Amino acid sequence: LLFVLYAEYHSSGKSAGIVHAKLRNLLTGNIIEKRYNGSDKLEEINLDRLDMEYLYDDGDNFYFMNPITFDQVAVPKAMLGETAKFLQTNMRLQIDFYEGNPVNVVFPEYIELKVAAAPAGVKQGDITYKPITLENGLEIMAPHFIKEGEIVRVEVATGKYSGKGKEDKK
């Protein structure tokens, strides 16, 4: 049961070409890279996707609740990996289920967080970024003009500053 994280097609003249893919095993969370011939056929599976609300964690699992049925589901921490640092209580995310079991948590591409601490910006030559601390404890680099209390937009995949949040735009 593999989920395609990234795929790139390379043509090779007369043959069908090759597809380089980065895949995640939805049952174990392991990431692998594979090459497929352009003529290879893969079986597509159907996943059930539900909107769920994050409640809490107990050290081993994150607990989410279906806001309609109030059913709760435990998601192993390993399934979220580095994206777990973006979880916030009452946050709504989509969870993919296979045969009734959670196999993937879908985060938005960007998330907005409040700046908890931002030292005074010091511009030295071409250096215009400084470390800031977000409300979730994550430290990222941001432009020198970002101040404490502002909302910033962070790319979930990379954890990098992406701009000011909507609440801050004037």
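**Reading strands and side chains**

Tutor: Phe97 stands opposite Pro102 in S8. This is a predicted model, in which local features need pLDDT of at least 70 and side-chain atom pairs count only at pLDDT 80 or more, while totals for chains, interfaces and linings use all residues. Residues are numbered from 1 along each chain as its sequence is written, and side-chain values use heavy atoms, with hydrogens and water left out.

Student: In which sense do S7 and S8 pair, and over how many bridges?

Tutor: Strands are DSSP runs (E, at least two residues), numbered from the N terminus. Two strands pair if DSSP finds at least two bridges between them. Here S7 (residues 92–98) and S8 (residues 101–106) are antiparallel, with five bridges. Their hairpin has two residues between the strands, and Glu99 takes a positive phi near 50° there.

Student: Which other strand pairs with S7?

Tutor: Strand S4 (residues 48–57) pairs with S7 in the antiparallel sense, over six bridges. Within S7, Asp96 is the residue opposite Arg49.

Student: What stands opposite Thr133 in S11?

Tutor: That residue is Glu139. S10 and S11 (residues 139–143) run antiparallel and are joined by five bridges. In their hairpin, with four residues between the strands, Gly137 has a positive phi near 90°. Thr133 is also the bridge partner of Ala117, and two bridges join S10 to the antiparallel strand S9 (residues 110–117).

Student: Which residues touch the most other members of the largest nonpolar core?

Tutor: A nonpolar core is a set of buried Ala, Val, Leu, Ile, Met, Phe, Trp, Tyr and Cys residues joined through side-chain atoms within 4.5 Å. The largest one has 30 residues, and those touching the most other members are Phe64, Leu87, Val105, Phe107 and Leu134. Contact means heavy atoms within 4.5 Å. Leaving aside neighbours within four places in sequence, the contacts of Leu87 are Tyr54, Phe62, Phe64, Leu80, Leu93 and Phe107.

Student: Where is Leu5 found?

Tutor: Leu5 lies in strand S1 (residues 2–10). Leu5 is partly exposed, with a relative accessible area of 38%.

Methods. Buried < 20%, exposed > 50% of the residue type's maximum accessible area, 1.4 Å probe, protein only.
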